[in-house]
Amino acid sequence: MGTTELLQFALAGLKNGSIYALVALGFTLVYAATGAINFAQGEFYMLGGMLSVWAYANLGLPLPLAGLVGVISTAIIGGVFELLAIRPRKDGDPLAIIIITVGGSMLLSSMARHQFGPTERSLPLFSGGGSINIFGAVLEVQTIWILGITGVAVVGLWYLYNRTGLGRAMRACAVDRDAARIVGIDTRKMVTVSFVLAATLGALAGMAVTPLTQTAFDVGPTVGIKGFAAAILGGLGNPIAAVVGGLVLGMLESMSIAFISSTYKDAIALIVLLGVLFVRPQGIMGRSKREKV
Amino acid sequence: MGRTRIDMRVVVLLVLVAAVVFAVPLLTSDRYQLKVLTFVGVNVIIVTGMALLFGYAGQVSLGHAAFYGIGAYSSAYVVTSLGWPWLAGVATALILTAFGGLLLALPSLRLRGHYLAMATLGFGEIMRVVFVEASSLTGGPDGLSGIPYPSFGGFEIDTAGGNYWLVWGTAALCLALSANLVRSRSGRAMRALHGSESGALACGIDLTAVKVRVFVLSAALAGLAGALYAHVVGFISPSTFSLHVSVVIVAMAVLGGTRSLAGPALAAVLLSLIPFADAVLPGLSRSALDTIQEYQEDVYGLTIIAVMLFMPAGLAGVIRGISKRGRRAE
Amino acid sequence: MRRTVTCAALCVVLSATLLGGCASQPDEDAPDSYRIGAVLSLSGPQAGLGEPERRAIELEVERINDAGGVHGRPVEVLFEDDATDEAKAVTAASRLIEQENVIALIAASGTGQTMAVRQEVERAGIPQMSLAGGSVVTAELSPWVFQTPWPNRIVVPFTLAYLRDAGVMRLGLLIDSGAYGKDGYDVITANVEQYGIEIVADEQFNRGDTDMTSQITKIRAANPDALLLWAAGAEAATVLKNNAALGGDSPLQVYGGPGNGRIELLEGAGDAAEGFTFSAGKILIPEAYGVGSEGYEVTTDFIDRFTERYGVGPDIFAGHAYDGIHLIVDAMKRLPEDFTPEDLRDEIEKTSGFVGAGGTFTFSPTDHNGLSEDDLTMYRVEDGVWVLAGEAR
């Protein structure tokens, strides 16, 4: 195996890893605010691509504007979903929220099928085709977009989290919801914000990838599961861990193809994940929860 | 400490329900309706296992479709390829899934909450790849067809009514045994585990044993359901045992409510019937049927959301509410 | 006590509702119409197949009835959605057979559902026309089950022959992990040797994967002359795009099969589809039948009417459905007015030289697909559209 090939595999891992990272970030944000896993995260990814296609093909908007419309409308859907289906659950039981999102995911993908049809839809490449050469390995231009958007999103999220009042409030909720409420933070608003952000991140990933992979009403669950696995692998509750988890998972997959077999790449990635969990039950970067008796 | 006193009214009600359920094949010979209701019965068996694992012991598994599949494939394989009798097939299914449950439970003991969910999910997905790739055993993506009907000795159950009774009889048995279990000492140990692990430890309960036991039991129930499904339908393929199925099983248990067997069983019946609404609502026009089919998934999702929002304690909570009001009224 | 009685009453009401259906009569349509059932995937992952299939059937049934029906009686097709789920397919078939008393069943869009329904039609003794392309549908022969798409056991040798003529000796193989890809894999690996082709690399991807550069990198490392892609879904576009990017000035020549004869692939792959060469039936470019031939006339007529009604042209799935309904109806016409489903099955099996959209069908007791390599042709993508590839060069 030459270095060119190795680099090629690494780039593929990086690309997939970025997608998983964005989706994983969405999982972690919702988890931090609610303690629950959002099973509709994959649908936010799908809607980002699908609504961008709709804005481009049906509304005739220029591509950059169409992408923006796609992401923003998905973010709105995320917020509306939270307000209508999550907030009314007064006790905020994480388990109930998980199951509600399961129902939400079915509803969203089905509505997408009614609205946009069952076959896949395309989006043009953002800046045309072509690729650049890095030490012999090929990097598609669209992939640069994906990596770039991921990078901007991560930095933006970091800034929001660490440098703004809203971010401080979100971090407080993640640490201890009751204490946060006591100091006057509107925890219910934080939940809505987390869903809007999660939808935005998922939609960014979906929109950026659609020019390469096309989108369809049922692409949500596959990527959603990968994002969930990445979030768990990194360790729930920590945005950096989510990104790390995503990149590690992406690399695991491409290295499995490279060195073992493409037939079993998903199984191998899962086996490694299970192995990590059995050794470190809290994920790579998670802090082990010490239960107070 | 003895077992909780049995309420005679509950017994009467259960007998009545059982009578209705068993009367169905005597009153209809419509194979479509019987087939649909048989599928519902299969789901009740799996969800009962999940009710034990999750509703009582508080452990989550997002990979139970894997046990469902292992049960189905093992029974189908030994009966079609090895020519073993059906009962041997069922026994194989039970043994393999129990063993699988054991293998999964042991390393998973350290995991909590979402991490356990992911581990079981991972197991489920790995098994799905196995189902696809081990084609000499499983038939690969094309699946296994020509699986014979269940048979005892020489007697084959080849009617829709017969299979209905077989499945529901098994479901009734599983429910009865589970009800017995939760009232026993093991059951209380399970509930203690759900309430607080450290508390249960403090009471001297062997957590490991309880967790493993309930995992194995729920896996075996899913395997039993799989074995029944394979022989009643005659055809299985990897897509029958997908992650979606695992998620739906958990959803049914959650909708049913915790610390209850009736709630999850009822939730299983309710959700299983949504795609087959036309089996329960006779005399619908063609256009109504078409509309139901078109929006079936939407209704499914909305039902789940509605139950979770308006019945916070699940169906079990509603049942308990009714019986409490009944008792207060007297 | 009152609670118990109320609950018991509820149970009785519930079961009465349940059982009321058993006495329900079939729809109050013309009592003398011929009823055919259709179990298609109108929702779920294979909804992209079920929709065009349904449209084709509706269009053709309307035309048949406008022309007087069969023996003066109308034909009625009753659709059921299996939601790409095997259990639903079984119950849908059961419902159509039991409650609607259909005399034939068109089922299903996918191979898994087709095999699941088999037990029902064999038990009920009615003929089944499958629109799914898996080899197993007619390789595991059932007297009751027929198949209209071109199965891999015909398509693969045809495709391999073209590859051999094009000078391919070292082949890279890339399949999807679903039934279509795996079925293709089995037939391809079993047949390559007799065409003087060696498989130097074979890789696989899963449905929903977002990137195939790793698989293609591995294949390229083995230095093949070409890449054979056997996949039916949206991922094919990604494969073409990845291949074009990785190849730079010399991307691998990619070949494919009927599963790639879809407009969505052209839209999705864009420029990367240039030069993509694949085998399929002649419905995509009816001129392949020979202008003026019966196949040409039948197919262009169908294409024109379908396009006029629905605004888009029919794809291969619509073509399979067209053949399915017509094979049944044609057999019905050859029988006297009153026939049993068993008569219908026998008559379908006697079909010889029937010209449909997918090709010319001649069934026999051992061949329930009825098509041959003559019904296939090779296409190439040039300037964003399909053209006939002609001879291999």
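Trainee: Which domains is chain C divided into?
Mentor: Domain 1 covers 34-147 + 295-358, and domain 2 covers 153-282 + 376-388. Keep in mind that this is a predicted model.

Trainee: How far apart do the C-alpha centres of those two domains of chain C lie?
Mentor: The distance is 30 Å.

Trainee: And how many residues are in contact between them?
Mentor: Domain 1 of chain C puts in twelve residues, and domain 2 of chain C puts in eleven.

Trainee: Which helices supply the domain 1 side?
Mentor: Helix H4 (111-124), helix H11 (294-310) and helix H12 (316-334) of chain C. Each gives at least two residues to the side that touches domain 2. By class, that side of domain 1 of chain C has two nonpolar, nine polar and one charged residues.

Trainee: New topic. What pLDDT does chain C average?
Mentor: Chain C averages 89, and 92% of its residues score at least 70.

Trainee: Where is the pLDDT below 50?
Mentor: Over residues 16-28 of chain C. Beyond near neighbours in sequence, that stretch still has 20 contacts in the model.

Trainee: What about ipTM and pTM for the complex?
Mentor: The predictor gives an ipTM of 0.90 and a pTM of 0.90.

Trainee: Back to chain C. What is the strand order in the five-stranded open sheet?
Mentor: The order is E2-E1-E3-E4-E5, with parallel pairing. At the edges sit strand E2 (75-81) and strand E5 (145-147) of chain C, each pairing on one side only. Neighbouring strands of the sheet are turned by 25° against each other on average, direction ignored.

Trainee: Over how many bridges do E3 and E4 of chain C pair?
Mentor: Two bridges, in the parallel sense. Strand E3 spans residues 104-107 and strand E4 spans residues 128-130, both in chain C.

Trainee: Which residue is the bridge partner of C:Leu105?
Mentor: C:Gln128, in E4(C).

Trainee: Now the interfaces. How many residues do chain A and chain B put into their contact?
Mentor: Chain A gives 34 residues and chain B gives 27 residues. On the chain A side, helix H4 (94-116), helix H9 (220-234) and helix H11 (265-279) each supply at least two residues.

Trainee: Which one has the largest share?
Mentor: H4(A), with eleven residues.

Trainee: Last one. At what angle do H8 and H10 of chain B cross?
Mentor: Roughly 105°. The axes of helix H8 (residues 185-195) and helix H10 (residues 207-233) of chain B come within 10 Å.

Trainee: Which residues make the contact?
Mentor: From H8(B), B:Ser186, B:Ala189, B:Met190 and B:Leu193. From H10(B), B:Leu207, B:Val210, B:Lys211, B:Arg213 and B:Val214. By class, the contact of H8(B) with H10(B) has six nonpolar, one polar and two charged residues.

Notes: Residues are numbered from 1 along each chain as its sequence is written. Chains are lettered from A and ligands numbered from 1 in the order in which they are written. This is a predicted model: local features need pLDDT of at least 70, side-chain atom pairs count only at pLDDT 80 or more; totals for chains, interfaces and linings use all residues. pLDDT is the predictor's confidence in each residue, from 0 to 100. Two residues are in contact if their C-beta atoms, placed from the backbone, lie within 7 Å. Two strands pair if DSSP finds at least two bridges between them. Helices (H or I, at least four residues) and strands (E, at least two) are DSSP runs, numbered from the N terminus. Axes are lines fitted to C-alpha atoms, for helices over the stretch in contact, and angles run from 0 to 180 degrees between N-to-C directions. Domain bounds come from an automatic or database domain assignment. Ala, Val, Leu, Ile, Met, Phe, Trp, Tyr, Cys and Pro count as nonpolar, Asp, Glu, Lys and Arg as charged, and the others, Gly among them, as polar.
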